[in-house]
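Biologist: I am new to this structure. Please show it, and then let us go through the terms used for it.

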Amino acid sequence: MLLERDELTSGTTWHSAAQVTNFDPNQTMVGLKTHSINLYKELSEDPYYPINYHHATGGLRLATTQDHIDGYNHFLSMAKGMGVDFELIDPEECKRRHPIISMDGLLGALWDPLDGDIDPAQLCQALARRARKAGAEVHRFTPVTALTQKPDDSWIVHTDKGDIHCQSVVNAGGYRCNEVGKMMGVEHPVASMEHQYMLTESLPEIEALDDDFRSPLIRCPQADFYQRAEKRPPHRVLRTRL
Ligand SMILES: Cc1cc2nc3c(=O)[nH]c(=O)nc-3n(C[C@H](O)[C@H](O)[C@H](O)COP(=O)(O)OP(=O)(O)OC[C@H]3O[C@@H](n4cnc5c(N)ncnc54)[C@H](O)[C@@H]3O)c2cc1C
């Protein structure tokens, strides 16, 4: 049973940039991300509930220091062992795959062929739809107001629509997880951070590219930003998070 205080996606999910990458320095997370990519691909192809999943744009993770190159080489061998495809490419190849990229100080990039982005609200609804089909109940506009643990370790979940008795409680409150944590005397090491986005007008340099060009994602660990095409042709604009 899923209890949602407001509408589904109303927490962080609705405004996520929703980039879907296979990259992670941690092996367990690479496995989890590969699983997610396969699941999202399957969900996006559901003829009754298709999702906008632009999963074939690919992505460039830039290298501007030798440390980046060494780190990517280490990652490549780990990913290869897990059957996950990545490539280390030189600056000329970066330019070939993303013609308007600047090569200033660029040593190369890690290429993730499966990088892309998905509509986060549609994805959440698709997951809820599958959960309902599998027998789960989803109650929207039902805030959890308190939690009481019983002597047998089961829980009473209090809501303004009544109490629910259950064996286990999963705190999936997102950035509000400490509000729910407090109800059970738990402090989670989680803090909310602010980011800035820039959304450009349509750029002539991008408009000049072929219509079937699918702008890859760019991530720069040095300057700490990512960038991708926010819209498809003919209104190509760039979205950058700093
Ligand atoms: C600007 C930005 C960009 C991002 N970009 C990316 C990206 O490119 N790729 C990526 O993978 N991730 C990205 N993320 C992270 C991603 O959006 C989040 O990790 C994800 O959406 C979290 O989902 P969630 O379900 O855990 O939390 P949420 O979406 O916050 O859901 C938690 C839900 O719990 C509900 N809730 C809270 N308290 C209660 C209560 N007491 N009772 C009942 N319900 C309650 C809330 O209403 C909410 O709907 C980004 C995040 C931000 C902010």
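Modeller: At least three residues of the shell around the ligand come from each of domain 1 (19-118 + 193-241) and domain 2 (143-192); the domain bounds come from an automatic or database domain assignment. This is a predicted model, in which local features need pLDDT of at least 70 and side-chain atom pairs count only at pLDDT 80 or more, while totals for chains, interfaces and linings use all residues. Residues are numbered from 1 along each chain as its sequence is written, and side-chain values use heavy atoms, with hydrogens and water left out.

Biologist: Which residues surrounding the ligand are the closest?

Modeller: A residue is near a molecule if one of its heavy atoms lies within 4 Å of it. The ligand is surrounded by 22 residues, the closest being Glu4, Thr12, Thr13, Gln19 and Val144.

Biologist: What makes E9 and E10 a pair?

Modeller: Two strands (DSSP runs of E, at least two residues) pair if DSSP finds at least two bridges between them. Strand E9 (residues 144-149) and strand E10 (residues 155-159) have 5 bridges in the antiparallel sense, so they pair. Glutamine 149 stands opposite tryptophan 155 in E10.

Definitions and conventions. Helix = DSSP H or I, 4+ residues; strand = E, 2+ residues; numbered from the N terminus.
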